[in-house]
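Hello,

I am handing over the structure we spoke about. Please look through it first; my notes come after it.

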Amino acid sequence: MASEDLHAISADWLKSLENATSTGDAKSFVSHFLSDGWFRDLLCFSWNFRTLSGSEKIHGFLSEVVDGKPRLEYSGLRDFKLEDHTVNAPSPLRVPDLQDMKGVQGAFTFTITKPAALGRGFFRLTQDGDDKWKALTLFTNMQDLVGHEESSADQHRLYKDRNITWEEDVDARFRAIEADPTVMIVGGGQAGLMSAARLGRLGIRVLVIEKNACVGDSWRKRYPNLTLHTAATQSSMLYSPYPTTFPEYIPKGKLANFLDSYAVDHELCIWSSSSIASTPVYDSSSARWTVEVQHGDQKVHFKPKHLVLATGIGSPYIPTWNGMDEFQGALYHSEFHKDAEQFRGKRVVVVGAGNTSGDICEDFVAHGASEEGEVTMVQRSATCVESLTVAKEISKSPFPDGTPIEELDFRRNSMPLSLILQLKISGGTQRTKLLDKGLHDGLRKAGFNLTWELSPGSGEVGLEGFVYSRMASGTMLDVGYGELIVEGRVKIKQGQDISRFDKDGITFKDGSKLSADVIVLATGYEPVMKTTRALLGDEITDQLPPEVWGLDSEGELNQTCRPSGHPGLWFATGGFAFSRFFSKHLGLQILARELGIA
């Protein structure tokens, strides 16, 4: 299809859609969708994240009454402008796992009346049975609040009349933050740092509380051979791409150092070696928290308006089995794996069959545990496996090299998560599996059990489904340990639950045994809500939904960077790409509350 045709189709459809919004005609608005089309809205029509599928649900949402007006009329989207000169200008429709569908896709900008805001959208159009252009998907995304746009310029006005230095300016700002932080972020990992940087650009005072002595220690202290399993270009930090000299998959120590420098470069006010000393208390009359912080040998009290929990993956989950105290070898959780060299030639058992287990087995093999001894992975349940090569191909950017990562974030988040999973179930996962057939056949032959379903019969959602539903628990993104299993350098014990430990190793419920000199429990981490309960206590935690992360009934992630169910309480969790994109939405919601418009 010629570019002129793509533009004309897009412009006509968009003009008609704007007519529907300007008149508040929900029926007309819905008529622009396929009958089973999808609408994803992030903050433009409500202060929440919504995904609606089908004409009835979309119409119902837009017809809800807000301050005496239907939602579509109340929000008042106007000034639709097609993006002609960006990488998201009108182009042929490309939907992963829908290669046969023909159509057009593109981005547009608009304004929002209530609240006064700027927005950006993305559409995917195809023809219906009457050859009319309809939306398979429509995405609307708040970009900025008018008059409070995110700052990118130097706000210090340093050296004006040569009466202040940079150091003095930063010190003064830090003192103001410490005297009265509007937001307190608990956790200085990538999610906490990006949230703090984003909020700072929106003019909000933020204090970050980090339990470790140095920023980056949450990565620095993990097992020695850990690297990111996603490419550096897609795992970059907000505002700060990694240097081009960085490896494609960044080692944990190098990443830790970068996070440390990130905090300095973005002038983030961070209290290290600090933790919440007692259960925070929320006062609904003042809409403030009372938070006691243990900072070194001092206890300091704060009254922030917002508390953001960016505490990461939680504490290690350590199952208990009878006889664990009888085992005479080394027994520890993977969180505490530091030195495989000391176990050269020893018999090693790693309980668990996910990414961490694979990394640690690989570390033991590299340091000679399998030369005279043996390395065995205990797989208690099936694992979703995808090779790094295939994952890299699937996640490849559709844009030219040098395109800002923000454009890729916008494009990817324009796709409803539930639709992605539907397409995986209806054939996408099968196509992905074919690309990894050799790896999967070899793993099965070695006794390794595979699955692409979250539960039997629920449909093959593949790796993406495990990421959205379980934060990737139960998956293995194979970076080389699959070959070790296929070659027999890592043995597999599969299909039997552990019965008990004894002084020599593990006995399984079928009576079989594994002798070991060292047993590593790669059994994952406690749920975020367990960490939350320990931090906030039962009274507040009982008011919250049961999960952070995982998909809600509409296909949006529970509680993450959106209202938690308790005023002034927010969760910031997830990987680099998620935090990079959704830190803006977290910031806009907090800013709106500070302005009294949400």
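The model is predicted, and local features need pLDDT of at least 70, side-chain atom pairs count only at pLDDT 80 or more, while totals for chains, interfaces and linings use all residues. Residues are numbered from 1 along each chain as its sequence is written, and side-chain values use heavy atoms, with hydrogens and water left out.

Helices (H or I, at least four residues) and strands (E, at least two) are DSSP runs, numbered from the N terminus; two strands pair if DSSP finds at least two bridges between them. Strand β20 (residues 374-379) pairs with β23 in the parallel sense over four bridges, and Q379 stands opposite Q494 in β23. Axes are lines fitted to C-alpha atoms, for helices over the stretch in contact, and angles run from 0 to 180 degrees between N-to-C directions. Contact means heavy atoms within 4.5 Å.

The helix pair. Helix α6 (residues 190-201) packs against helix α19 (residues 576-595) at an angle of about 40°, with the axes 9 Å apart. The two are therefore oblique to each other (angles under 35 degrees count as roughly parallel, over 145 as roughly antiparallel, 65 to 115 as roughly perpendicular and the rest as oblique). Residues in the contact include M194 and L199 of α6 and F581 and I590 of α19.

Single residues. R412 lies in helix α12 (residues 405-413) and is partly exposed, with a relative accessible area of 34% (buried means under 20%, exposed over 50%, partly exposed in between, with a 1.4 Å probe and protein chains only). Leaving aside neighbours within four places in sequence, R412 is in contact with Q234, S395, K396 and S397.

Most residues other than glycine have a negative phi, and most peptide bonds are trans. D79, in strand β5 (residues 78-82), has a positive phi near 55°. Phi of A287 is also positive, near 55°. The peptide bond joining K114 and P115 is cis, with omega about -5°.

Regards
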